[in-house]
Structure formats: structure tokens, C-alpha cells
Amino acid sequence: MLKDWDALFSKVREKEYARTLKEFLDMEYDQETVYPPRDMVFQAFRFTSPKDLKAVIIGQDPYHNSGEAMGLAFSVPPGIDTPPSLVNIYKEIERDCSVKMDFGKGDLYSWARQGVLLLNVYLTVREGQPLSHKREEYLLFAKDVISYIETLEQPIVYFLWGNFARKFAPMVHQKDRLVLESAHPSPLSANRGGWFGQHQFSRANDFFIAHGVPPIDWRNS
């Protein structure tokens with residue numbers, strides 16, 4: 001579905017930050033171990049078309065251990081242990097939506113196929129070095145993505161978890177939007193309060209139903 005985003009990417013390709021980011025990534029992938037694999041950097045856009053977009057979950061950067069990053073925020077490939085943040089997401093879904101989650105399954109392709117854009121702002125990372133690709137170019141790209149999404153007419157929910165993601169809230173201005181802000185689901189943050197009991201997933205589905213849109217099936221089993 002990457003071609004479905006041509007209206008966005010055709011404009012991005014003309015910008016100076018796209019050129020400098022490509023040069024940086026060419027060097028990094030050539031000289032360092034970088035995740036996710038380069039052909040999966042834009043994976044989130046391949047599985048969620050703008051016409052089907054229902055929700056945006058904003059992460060910071062990919063998992064930095066071998067085999068974990070797959071181009072979808074918070075998601076890991078089959079066979080990889082479910083990361084602690086995702087475990088807490090599953091716990092909250094179980095409590096909020098009264099469904100059973102498979103804690104041994106960490107890939108979120110089922111969400112992406114239902115219209116959930118799982119977007120890391122910093123799309124790449126060096127092995128073992130979190131936030132090593134914290135680049136202004138990626139921030140500019142993320143802002144362009146949200147600006148484009150704000151031209152879409154369908155109802156959309158934004159999940160902004162943690163202070164980093166919350167910084168994007170002022171960019172949301174279109175009608176028929178729901179912005180859900182909370183603490184980050186990482187154990188360090190979630191256990192301090194502000195994550196559990198927020199009912200974000202049921203609130204999102206209530207919003208969809210109220211707008212005549214099929215709700216998201218948050219189950220992964």
C-alpha cells in the first residue's frame with residue numbers, strides 16, 4: 001500500500017531533509033548495524049492505507065536489539081519475546097475491553113490491517129544504542145505525515161503515549177478527531193500511574209461507533 005501514500009511521499013522527496021536523511025542512512029547502513037532492515041523502514045505505510053486509516057499510535061524509535069524491530073511501532077516479529085511496553089498495552093486492553101490477549105504474540109499486523117498506523121518518529125536505530133538516530137529530519141518527516149493525515153476527512157484517533165508523543169497534539173486540528181493522551185506504557189512510566197485504567201481502547205471504539213465506523217478489534221489471538 002506504499003503507493004497509496006504517494007501524495008505524501010512525492011512532496012517529501014522534494015524537500016532538503018529527505019536528501020540529507022538518505023545520505024545519513026546510506027552511510028549508517030553501510031558502516032553500522034541498523035534496525036529495522038532497510039527494506040522495512042517504511043513498513044507502517046505498507047500495511048495501512050490512508051483511505052483506511054482509523055488510528056495513529058506514535059512511538060519514539062525502534063527496538064534496538066537484534067531481530068526485534070520490524071517497522072511497526074511497539075511491534076515485534078513472530079517468535080520474539082513480547083517487550084515489556086507491549087505487555088502493559090496488552091494488560092490494559094484485557095482490562096479495558098474484556099478480551100483475552102496472547103502475551104506470547106508480539107506482532108501487531110492485525111492492527112495495521114485494520115487501519116492503525118504504528119508510527120515511530122525516529123524510524124531507525126543503531127544496534128544497542130537507543131535514540132542513536134534522533135535526527136531533525138525524522139521530526140520534520142513525522143510532522144509532514146501528521147499534516148497530511150490532517151487533510152483526510154474520515155474520523156481518526158491519535159494515541160499519544162508519554163511526553164514525547166504528546167508534543168504532537170497541537171498539530172491535530174481537523175474535525176472528527178479524538179486525541180488520547182496518557183503516560184507511556186513502559187514499566188518505568190506505567191507503574192507510576194497514568195497508563196492503566198485510562199480506557200483508551202474502548203474510548204476509541206466508542207468514538208468510531210458514534211461516527212458510524214466499525215470499531216477496531218484489539219485482540220491479537
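Contact here means heavy atoms within 4.5 Å. The model is predicted, so local features need pLDDT of at least 70 and side-chain atom pairs count only at pLDDT 80 or more, while totals for chains, interfaces and linings use all residues. Residues are numbered from 1 along each chain as its sequence is written, and side-chain values use heavy atoms, with hydrogens and water left out.

**View 1. Surroundings of isoleucine 89.** Apart from neighbours within four places in sequence, isoleucine 89 is in contact with Phe74, Trp111, Trp161, Pro185, Trp195 and Phe201.

**View 2. Helix α4 and its cover.** Helix α4, residues 84-97, has 14 residues; helices (H or I, at least four residues) and strands (E, at least two) are DSSP runs, numbered from the N terminus. Serine 98, which follows α4, has a positive phi near 55°.

**View 3. The open sheet.** Four strands form an open sheet in the order β3-β2-β5-β6, with parallel pairing, where two strands pair if DSSP finds at least two bridges between them. Because β3 (116-120) and β6 (177-182) stand at the edges with a single partner strand each, one side of each is left without a neighbour in the sheet.

**View 4. Pairing of β2 with β3.** Strand β2, residues 55-59, pairs with β3 in the parallel sense over five bridges, and leucine 119 in β3 is the bridge partner of isoleucine 58.

Conventions: The expected span of a helix is 1.5 Å times one less than its number of residues.
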